[in-house]
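Here is a short report for a reader meeting this structure for the first time. Look at the sequence and the model, then read on.

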Amino acid sequence: MNFLKTTLSLGAGVLMAGLMPATLAAEVDEAAATALARSSGCLKCHSTTRDKEGPSYKKVAEKYKGQADAQQKLVAFLSKESKVKVNGKEETHKALDSKNESDIRNVVGWILTR
Ligand code: HEC
């Protein structure tokens with residue numbers, strides 16, 4: 001029975017690793033991520049699949065695909081207000097309404113697995 005359990009969890013692990021970065025996927029609490037994104041006002045400008053004022057999170061995930069420091073970069077970007085260029089004009093980009101790094105990492109993991 002123990003043998004069977006090990007084989008099954010190994011199998012699932014390999015399958016997950018093949019689909020997306022296992023560390024990201026394993027950590028994401030989707031409900032918590034959407035709740036914080038919504039309460040921080042992110043979803044006014046971003047949708048997961050459709051470009052609004054900001055790029056869709058699917059596009060962001062594609063842009064950062066395969067970049068080992070993607071999570072670290074985006075955690076820094078969303079921990080405090082940043083300057084971004086929108087149509088050549090500098091604008092202030094909002095930070096997440098949380099100082100809790102694991103909450104911020106969760107939202108970043110969620111974005112990167114869209
Ligand atoms: C007023 C509209 C607006 C709001 C609100 C907003 N964003 Fe953005 N966001 C943008 C725009 C515009 C860009 C593209 C900036 C650029 O091209 O450099 C962007 C870019 C991004 C990126 C990609 C950064 C990159 O390096 O490519 C992420 C991730 C992101 N936003 C997440 C969020 C999150 C999470 C929130 C909520 C805290 C949020 N945004 C709130 C407009 C917004």
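Ala, Val, Leu, Ile, Met, Phe, Trp, Tyr, Cys and Pro count as nonpolar here, Asp, Glu, Lys and Arg as charged, and the others, Gly among them, as polar. By that scheme, the shell around the ligand divides into 14 nonpolar, five polar and five charged residues. The model is a predicted one.

**The ligand shell**

The shell holds 24 residues. Ser40, Cys42, Cys45, Gly54 and Val84 come nearest to the ligand. Several elements contribute to this shell. At least two residues each come from α4 (57-64), α5, β1 (82-86) and α6.

**Overall layout**

The protein has six helices and two strands. Along the sequence they follow the pattern α-α-α-α-α-β-β-α. Of the 114 residues, 15% are buried. Take the contacts between residues at least 6 apart in sequence: 59% of them join residues at least 24 apart.

**The core**

The largest nonpolar core has 14 residues. Leu78, Val107, Val108 and Ile111 touch the most other members. The largest share, six residues, comes from α6.

| Residue | Residues touched |
|---|---|
| Ile111 | Tyr57, Val60, Ala61, Leu74 |
| Ala33 | Val28, Asn106, Val107, Trp110 |

Ala33 lies in helix α3. Is Ala33 buried or exposed? Ala33 counts as buried because it has 20 C-beta neighbours inside 10 Å, and 20 or more is the cut-off for that class. Ala33 also shows how the chain folds back on itself in space: Ala33 and Arg105 are 72 residues apart in sequence, yet their C-alpha atoms are 9.2 Å apart.

**The strands**

How many bridges join β1 to β2? Five bridges join β1 to strand β2 (residues 89-93), and the two run antiparallel. Ser82 stands opposite His93 in β2. The hairpin of β1 and β2 has two residues between the strands. In this hairpin, Asn87 takes a positive phi near 50°.

β1 has five residues, and the number buried is zero, so β1 lies largely in the open. β1 also supplies at least two residues of the shell around the ligand.

Key
Residues numbered from 1 in each chain as written. Predicted model: local features only at pLDDT ≥ 70, side-chain atom pairs only at ≥ 80, totals over all residues. Helix = DSSP H or I, 4+ residues; strand = E, 2+ residues; numbered from the N terminus. Buried ≥ 20, exposed ≤ 12 C-beta atoms within 10 Å, placed from the backbone. Contact = placed C-beta atoms within 7 Å. Core = buried A, V, L, I, M, F, W, Y, C linked by C-beta atoms within 7 Å. Near = placed C-beta within 6 Å. Pairing = 2+ DSSP bridges. Lists of a residue's contacts leave out its neighbours within four places in sequence.
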